[in-house]
Amino acid sequence: MTSSMNQQAAASQKTRSEQETENEANRLREQVDAALAVVNLRSPDEVESLNMAADRIERTARDLADALRQLAEQRQAAEE
């Protein structure tokens, strides 16, 4: 079995909440990378771009926190 097939098999075993949490974490990583790219820019729109990057990171971090809480609730309910 190839690495790609192993990853697909592992992904299919994840619950919807686990997949959503992973997706949100990946989105946050992407937003942070994009923000770091903006930091290195020197342009007339730099201030607006930095503020927009900060807003996107805040929203994505909230989405990730919500997904993590939902996953925690789901796992706690499964234990009961």
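This is a predicted model: local features need pLDDT of at least 70, side-chain atom pairs count only at pLDDT 80 or more; totals for chains, interfaces and linings use all residues.
Two residues are said to be in contact here when they have heavy atoms within 4.5 Å of each other.

Let us step back for a moment to the chain as a whole. It has three helices and zero strands, and from the N terminus on its elements run α-α-α. Of the 80 residues in the chain, 16% count as buried. The accessible surface of the chain comes to about 6300 Å², and 50% of that belongs to carbon and sulfur atoms. Among the contacts in the chain with a separation of 6 or more, 80% are between residues 24 or more positions apart.

Now back to T21, which lies in helix α2. Is this residue buried or exposed? T21 has a relative accessible area of 9%, so it is buried, since the cut-off for buried is under 20%.

S17 leads us on to another residue, Q74. Where does Q74 lie? Its place is in helix α3, which covers residues 46–79. Not counting residues up to four places away in sequence, Q74 touches T15 and S17. A further pair to look at is Q74 and E18: they are 56 residues apart along the chain, and their C-alpha atoms are separated by 9.8 Å. Q74 has a relative accessibility of 37% and therefore counts as partly exposed, because that class takes in values between the 20% limit for buried and the 50% limit for exposed.

Our last stop is on the surface. Which residues form a nonpolar patch there? They are V32, L36, V39 and L50, with about 300 Å² of accessible area together. Helix α2, spanning residues 16–39, gives the largest share of this patch, with three residues. One member to pick out is V32, which is placed in helix α2. At 33% relative accessibility, V32 counts as partly exposed, and because patches are made of residues with over 30% relative accessible area, that value is enough for this requirement. Helix α2 thus takes in both V32 and T21: V32 is partly exposed, whereas T21 is buried.

Note on methods: Residues are numbered from 1 along each chain as its sequence is written. Side-chain values use heavy atoms; hydrogens and water are left out. Patches are made of residues with over 30% relative accessible area and no salt bridge: like charges are joined within 9 Å, nonpolar side chains (Val, Leu, Ile, Met, Phe, Trp, Tyr) within 5 Å. Accessible areas come from the Shrake-Rupley method with a 1.4 Å probe; for residues, only the protein chains shown count as cover. A salt bridge is a side-chain nitrogen of Lys or Arg within 4 Å of a carboxyl oxygen of Asp or Glu. Helices (H or I, at least four residues) and strands (E, at least two) are DSSP runs, numbered from the N terminus. Buried means under 20% relative accessible area, exposed over 50%, partly exposed in between (1.4 Å probe, protein chains only).
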